[in-house]
Amino acid sequence: MSSVTLKGIGKTYPGNVVAVRDFNMDIEDKEFVILVGPSGCGKSTTLRMIAGLEEITEGELYIDGRLVNEVAPKDRDIAMVFQNYALYPHMTVFENMAFGLKIRKTPRAEINERVLEAAKMLEIEGLLKRKPAALSGGQRQRVALGRAIVRKPKVFLLDEPLSNLDAKLRTSMRAVLAKLHMQLGTTFIYVTHDQTEAMTMGTRIVVMKDGDVQQIAPPQELFDKPCNLFVATFMGTPQMNIAEATVIDDGKLTYLEFGSGEKKTRVALPEWKGRKREVLEYAGKNVLFGIRPNDISADPDFIAQHPGRVVEADIEFVELLGAESNVFVKVSEVEFACVIDSKIRMSSGEKVKLAFDTEAIHIFDKETERTVTN
Ligand code: ADP
């Protein structure tokens, strides 16, 4: 068992800098929780408070049911892996991994066993005699992970551990970490500013902004049902398109009307979404709507089946990526990015028909930026 509970946790740095506000969460045993958000949103501060490296200004922190606000980091049974690997340069890989156990006076045979076991898990058995200078960035990061693993902590805290690696290595290390989490069966709390890392590894994601938790949810739920405009645009690549529209109710169906001048465009919402009371309250008013690039279709069958969702688009620019293309269009002078199957030929300057998959449209209040549809 290794649960972590944050109750109304807050941090104010000297000079009245509020870094984290009223953070509440029950992290269960074996979860892989990711704190994600732009730089300066309070992710590291939260992690450092859990580690005991930063004093907690407000609230209560429990590890396995024990209040640990005043417990020293070394007595919290946690291990932290940082972005800069902080390996001892004069020690071999083996010695680096064994160091924490040695100072805890663990018997030599057990040290050997634990280091070898961790090295095997991380596939670095062949490197144990090397010094850090003779390792690649990815290998160093594995050693840093190994050093944490051998201590068999209750909770792993990882602060941007992959951000010093190149893009290709980051992708492969994501798989290493996900596998490691399964093998160890330990709670992981992981900080990153990279939403792809969050989406691919986390069992639950915490999205933060300016010290406030915006939403806590599993990756798919966060993607499908963002609670506000910030979460909607932060999660998912390419980014969700956002535009202003008027909600129109003709008594039978609900439409979103957008664009400028006489060339306005209307798309029909599906009944289950458009006839919701929460949406109808906005009839005649302006809202923001969001549609992901993948939810704009050029598929002739889809277009034929959904005449109410069809729009006339002017293609501005096409970016061929291989199987798919990023197609940038204007609909009634409003810009949208679409991801289109490259088999469907598209070229700049053309006029085409596209269909908005309005099942997947999100509507937000213009003032509060909170979702109206989810
Ligand atoms: P993140 O990890 O999301 O980038 P941080 O937790 O490092 O964000 O920082 C959150 C906020 O707290 C930022 O505004 C940052 O400038 C401030 N901050 C962080 N550390 C300190 C400190 N030691 N003293 C004062 N302000 C700090």
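## Residues and overall geometry

Gly-40 lies in the loop that links strand 3 (32-36) to helix 1 (43-51); helices (H or I, at least four residues) and strands (E, at least two) are DSSP runs numbered from the N terminus. The model is predicted, so local features need pLDDT of at least 70 and side-chain atom pairs count only at pLDDT 80 or more, while totals for chains, interfaces and linings use all residues. Residues are numbered from 1 along each chain as its sequence is written, and side-chain values use heavy atoms, without hydrogens and water.

Between the C-alpha atoms of Gly-40 and Asn-96, which are 56 residues apart along the chain, the separation is 31 Å. Asp-341 belongs to strand 18 (residues 334-341). The two residues in the table are classed by relative accessible area: buried is under 20%, exposed over 50%, and partly exposed in between (1.4 Å probe, protein chains only).

| Residue | Relative accessible area | Class |
|---|---|---|
| Gly-40 | 71% | exposed |
| Asp-341 | 36% | partly exposed |

The chain as a whole contains 11 helices and 20 strands. Its C-alpha trace spans about 80 × 45 × 35 Å along the principal axes. Of the 374 residues in the chain, 51% are buried. Among contacts (heavy atoms within 4.5 Å) between residues at least 6 apart in sequence, 66% join residues at least 24 apart.
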